[in-house]
Amino acid sequence: MILKSELKNLDPFWTLLILRFLDLIVIAENALWFFLKQMKFLANLAGISRSFLSFSKNEESYDWVRSWKETPFLLLEDIPLDLRKHIVSISLDGTSATTIIVHSDTGEPLWRPFLYNESCPDALPMVKSIAPPNHTVCSGSSTLCKLVSWWNNVGSNQKSALLMHQADWLLWLLHGKLGVSDYNNALKVGYDPEADSYPSWLVRQPYSHLLPSVVAPGTPIDCLKEEIRIKFGFQEDCVVCTGTTDSIAAFLAARATQPGKAVTSLGSTLAIKLLSNTRIEDSRFGVYSHRLDDKWLVGGASNTGGAVIRQLFTNDELDKLSEQINPSEVSLLDYYPLPLAYALKKNMGRLHVEQDLVGVGSITTK
């Protein structure tokens, strides 16, 4: 949060992070613990109960919409009363490529949310046929593949629909204006942040009317809804701004401002972001670039993260093992935490594991 007295000293680079909400998907999946060094959990996330953060193994049965609706307001309640009257703007981050299709008039979901790690291989051939070779959207988990999959299965007859990213929808709960996104979240639906527009090959598609309008991250949208402002005691001119993705928010929080500096964020996966003057994109290697003012954040994601640990250990096992961790001692163990490697090791014996540039493991048997 930012107090009025601090505004004059605020670096514009940080305007986006006025009030940073925790990434909701990472909370739902992994916030019971943080990892310590080599894939070990350190401690429970302070101040949030396990019952609230319990994660259903069957993602389709979990009520994500209800959870998302509740969480922002629980976080607003956590802000001390004496500070709320000094807050002048609010924003939040969401998980990249987490998508929800809503009614364009009411904002109510028309379909269950598509989570960031959900793949839609049925839509990939169609997306590859319209997008440039090796474009960021040419991945089964891209936002565009999720939109095309929904459109092909149930959406072509839906006239009043709108695509929103997780951050877009949560911000809408606070300001009430539908159809506004930022160019960080919109990257994986095909938005071109360099041209600052949707490309012509995307605009020509029959579902293009579902795409939100796009502005820069941190752009003021509207004042906080009156009923929310009164209930929580915020000032009358407190504005809500467009957001960004979770790993970009983490990069900003790390205060890395020089090209060549990189930041990793550990959650379900290991997100990697390196500040560069050059835009680099190639979906074959999972590499893409987000715009950050006049520079680029080049990176991708590794499977070296909490999702792998979830596949190998139960919650009870993690509890017991975590109690044995001494954070003052360096681990003598090396890990290649790849689910496929684990399965092959059980069935085929010796393995040779290699890491590519973005940390996604490939496996060959010897």
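The structure is a predicted model, in which local features need pLDDT of at least 70 and side-chain atom pairs count only at pLDDT 80 or more, while totals for chains, interfaces and linings use all residues. Residues are numbered from 1 along each chain as its sequence is written, and side-chain values use heavy atoms, with hydrogens and water left out.

I begin with the whole chain. The protein chain has 13 helices and 17 strands; these are DSSP runs numbered from the N terminus, with helices (H or I) of at least four residues and strands (E) of at least two. Of its 366 residues, 49% count as buried, meaning under 20% relative accessible area with a 1.4 Å probe, protein chains only.

Among the buried residues of α3 are Trp 64, Trp 68 and Leu 76.

Finally, consider strand β15, residues 295–302. Six of its eight residues are buried. Strand β13 (residues 270–276) runs antiparallel to β15 and is joined to it by seven bridges; strands pair if DSSP finds at least two bridges between them. Leu 275 has Leu 297 in β15 as its bridge partner. Strand β14 (residues 288–292) is also antiparallel to β15, through five bridges, and Ser 289 stands opposite Val 298. In the hairpin of β14 and β15, two residues lie between the strands, and Asp 293 takes a positive phi near 55°.

Technical notes:
Buried < 20%, exposed > 50% of the residue type's maximum accessible area, 1.4 Å probe, protein only.
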